[in-house]
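I opened this notebook to record what I looked up in one structure. The entries follow the order in which I worked.

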Amino acid sequence: MSTHDMSRYRANSSGFTLIELMISLVLGLLISAAVMQVYIVSTRTATVQQSASEVQDSAIFSLQAIEDHIRLVNLGNPISNINDSTNHGGIVLKPLNLGTSNATDAKYLTVSADSAGWTGLSNTNVESDQLTIQYKNVTSSSLYDCEGKEITSGSPDWVVERYFVRKDTGGKDTDLVLACDAGRFDESGNIIAGSSFGDNGEVIIPAVDQFKVLLGTLADVSQLSYLPASTYLELTDKPAITTVKLGMIVRSDTPLIEDPESSLPAADKGKFTILGAEQKLKADSVNKVRYRRSYESTIVLRSARVMSVTGLKSNVKS
């Protein structure tokens with residue numbers, strides 16, 4: 001090969017310069033960073049959507065089922081005026097509501113966070129409440145209690161259901177669920193043989209942080225007040241209970257990639273307003289990175305209607 005040919009070969013086979021390599025490296029890094037950013041945003045969005053779907057699936061449909069059961073409150077009871085002394089009253093506040101011979105422990109009845117001797121599990125700075133209801137199937141078809149057991153038409157048994165927050169079986173102390181425990185009682189308030197009441201019940205809504213209950217009372221035709229069970233029991237003249245308000249905080253099982261409230265001011269992180277009262281999540285870095293939603297529902301008790309009659313001054317002159 002001649003000297004001229006060697007020079008032409010070297011010219012044609014020359015590589016990238018250092019500047020060209022650096023520019024290529026920078027461009028490659030920029031493109032990789034853009035791709036990674038798109039991937040992270042896409043993954044974060046998918047995680048939020050999955051978490052939101054979990055909360056909706058576990059809460060919305062389950063909450064509708066709970067509402068349907070609460071609407072059965074006081075069914076089969078000829079007494080429509082519900083208070084803490086109503087025999088077989090739909091809202092169970094005292095053993096007397098279950099029957100004259102009943103002696104059920106108060107911890108299984110309707111209680112609020114500040115009730116004496118009560119500790120309601122919660123992942124917020126406020127304890128959860130408990131709601132215990134009762135009804136009888138006087139309809140022409142079968143019903144099913146909250147644990148899925150059949151209540152035959154015309155059954156003489158009183159069905160008692162207790163809604164409460166407990167620790168998930170096999171979970172950590174912060175893994176809480178909303179459960180329902182159902183039992184059957186006779187007319188005198190004795191538990192029916194073979195019926196279980198006071199156990200762990202069945203899970204209604206998984207991953208619950210808080211459960212609150214307010215009792216709607218009708219003092220007169222124009223005054224509807226909502227009270228926790230403890231406050232209602234302290235009243236000297238107890239008005240009829242006609243409505244129940246429920247509030248709860250439900251979270252997802254799937255953790256988010258980052259704190260969903262990281263963009264909020266420090267004072268606003270982990271705060272929820274449930275039934276008009278502000279609550280704050282307990283300090284828990286694991287459970288905090290979850291999608292959460294609060295739900296509220298107001299249920300009118302169909303079988304506890306109280307009719308108020310008022311007199312109107314006549315304008316007719318004699």
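The entries below cover the sheet, the disulfide, the aromatic rings and the charges over rings.

**Basis.** I worked from a predicted model, in which local features need pLDDT of at least 70, side-chain atom pairs count only at pLDDT 80 or more, and totals for chains, interfaces and linings use all residues. Residues are numbered from 1 along each chain as its sequence is written, and side-chain values use heavy atoms, with hydrogens and water left out.

**Sheet.** I looked up the strands, which are DSSP runs of E with at least two residues, numbered from the N terminus. Four of them form an open antiparallel sheet in the order β1-β4-β5-β6; two strands pair if DSSP finds at least two bridges between them. I noted β1 (131-135) and β6 as the edge strands, each pairing on one side only. From one strand to the next, the twist averages 30 degrees, with axes taken as lines fitted to C-alpha atoms and angles running from 0 to 180 degrees between N-to-C directions. I then followed strand β4 (residues 158-167), which pairs with β5 in the antiparallel sense over 10 bridges. Tyr163 has Cys180 in β5 as its bridge partner.

**Disulfide.** I searched the whole structure for disulfides (cysteine sulfur atoms within 2.5 Å) and found one. Cys146 and Cys180 form this link, with their sulfur atoms 2.0 Å apart. The angle about the S-S bond is -75 degrees, and the link of Cys146 and Cys180 is left-handed. Cys146 lies in the loop between β2 (143-144) and β3 (150-151) and Cys180 in strand β5, so the pair ties together parts that are 34 residues apart in sequence. I also checked burial (under 20% relative accessible area, with a 1.4 Å probe and protein chains only). Cys146 is buried at 13%, and Cys180 is buried at 0%.

**Aromatic rings.** I counted two aromatic pairs in the structure; rings of Phe, Tyr and Trp (its six-membered ring) pair if their centres lie within 6.5 Å, and planes under 30 degrees apart count as stacked, over 60 as edge-to-face and the rest as tilted. Phe185 and Phe197 form an edge-to-face pair, 5.6 Å centre to centre with 80 degrees between the planes. Phe185 belongs to strand β5 (residues 176-185) and Phe197 to the loop between β5 and β6 (202-205), 12 residues apart. Phe185 is buried at 3% relative accessibility, and Phe197 is buried at 17%. Tyr108, Phe185 and Phe197 form one aromatic cluster.

**Charges over rings.** I applied the criterion that NZ of Lys or CZ of Arg is within 6 Å of the ring centre and within 35 degrees of the ring normal. Arg162 lies over the face of Phe164, 3.9 Å from the ring centre. The charged end of Lys245 sits over the ring of Tyr226, 4.4 Å from its centre.

How values were computed. Helix = DSSP H or I, 4+ residues; strand = E, 2+ residues; numbered from the N terminus. Buried < 20%, exposed > 50% of the residue type's maximum accessible area, 1.4 Å probe, protein only.
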